[in-house]
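User: Hi! Could you walk me through this model?
Analyst: Happy to, here it is.
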Amino acid sequence: MSRLSPAAFALSLAVVGALLSGCAIGPNYERPQDLPDAPAFRGDEVQSDEPFVEELPWWQIFDDPALVDLTSEALANNRDLAIAAARVERARNFVGVARSELLPQIGYDGEVGKSDSSENAGFSGRSRNLFVGVLDLAWEVDLWGRIRRATEAARAELLASEAFERGVRLSLIAGVAAAYFEL
């Protein structure tokens with residue numbers, strides 16, 4: 001019966017550790033169950049399916065054209081809202097990039113050249129045309145779930161940035177309306 005030498009044992013332990021470190025450990029993400037709605041709040045007679053206040057046009061709530069103009073101008077010219085919208089677009093692009101790693105990658109390269117041989121090198125002084133073309137095709141099998149997890153993380157980042165943009169929009173509208181009514 002032969003025993004492994006300490007070096008061979010350490011090497012086999014390192015190989016097993018490297019293989020196991022690539023595994024996606026843990027359960028897949030599952031969305032939490034929705035909590036039941038409260039039966040009623042104090043003072044509420046009937047629950048309705050009305051949209052959020054920020055989704056309603058302001059002229060239906062206050063019926064004030066000056067407030068509508070101020071709110072529209074604030075939404076069009078606010079830098080924080082523009083930054084939040086840019087972050088949403090960037091997160092949307094990251095989802096596409098993360099998802100694209102599941103697809104085969106195709107690449108190409110080409111080169112054209114002309115060489116003139118010298119009579120000193122023993123050739124008869126003729127020219128040669130050189131054409132080189134390379135086509136690459138690569139595809140990574142997502143065996144351990146690295147690409148799927150990266151795509152899930154990018155989608156979560158997209159949802160978070162969309163919620164942040166919505167919060168900035170709501171805060172801006174509320175601030176404009178509060179300042180208008182204080183004046």
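User: Before we start, what should I know about the source?
Analyst: This is a predicted model, where local features need pLDDT of at least 70, side-chain atom pairs count only at pLDDT 80 or more, and totals for chains, interfaces and linings use all residues. Residues are numbered from 1 along each chain as its sequence is written, and side-chain values use heavy atoms, with hydrogens and water left out.

User: Thanks! How many helices and strands does the protein chain have?
Analyst: The protein chain has 5 helices and 2 strands, in the order α-α-α-α-β-β-α along the sequence. Helices (H or I, at least four residues) and strands (E, at least two) are DSSP runs, numbered from the N terminus.

User: And what share of the residues is buried?
Analyst: Of 183 residues in the protein chain, 15% count as buried. Buried means under 20% relative accessible area, exposed over 50%, and partly exposed in between, with a 1.4 Å probe and protein chains only.

User: Let's look at α5. What span should it have?
Analyst: At 1.5 Å a residue, the 37 residues of α5 should span 54 Å, and the end C-alpha atoms are 53 Å apart, which agrees. The expected span is 1.5 Å times one less than the number of residues.

User: Which residues of α5 are buried?
Analyst: Among them are Ile147, Thr151, Ala154, Leu158 and Ser161. For the spacing, an α-helix has 3.6 residues a turn, so residues three or four places apart point the same way.

User: Tell me about threonine 151. What does it touch?
Analyst: Leaving out residues up to four places away in sequence, threonine 151 touches Ala98 and Arg99. Threonine 151 has a relative accessible area of 5%, so it is buried.

User: Switching to α4, how does it cross α5?
Analyst: The axes of α4 (residues 79–100) and α5 come within 8 Å and cross at roughly 165°. That makes α4 roughly antiparallel to α5. Axes are lines fitted to C-alpha atoms, for helices over the stretch in contact, and angles run from 0 to 180 degrees between N-to-C directions. Angles under 35 degrees count as roughly parallel, over 145 as roughly antiparallel, 65 to 115 as roughly perpendicular and the rest as oblique.

User: And α3 with α5?
Analyst: Those axes come within 10 Å and cross at roughly 140°, so α3 and α5 are oblique to each other. On the α3 side, the contact includes Ala66, Leu67 and Leu70, and the α5 side includes Arg169, Leu172 and Ala177.

User: Where does alanine 177 sit relative to leucine 67?
Analyst: Their C-alpha atoms are separated by 7.0 Å, though the two are 110 residues apart along the chain. Alanine 177 counts as buried, at 9% relative accessibility.

Technical notes. Contact means heavy atoms within 4.5 Å.
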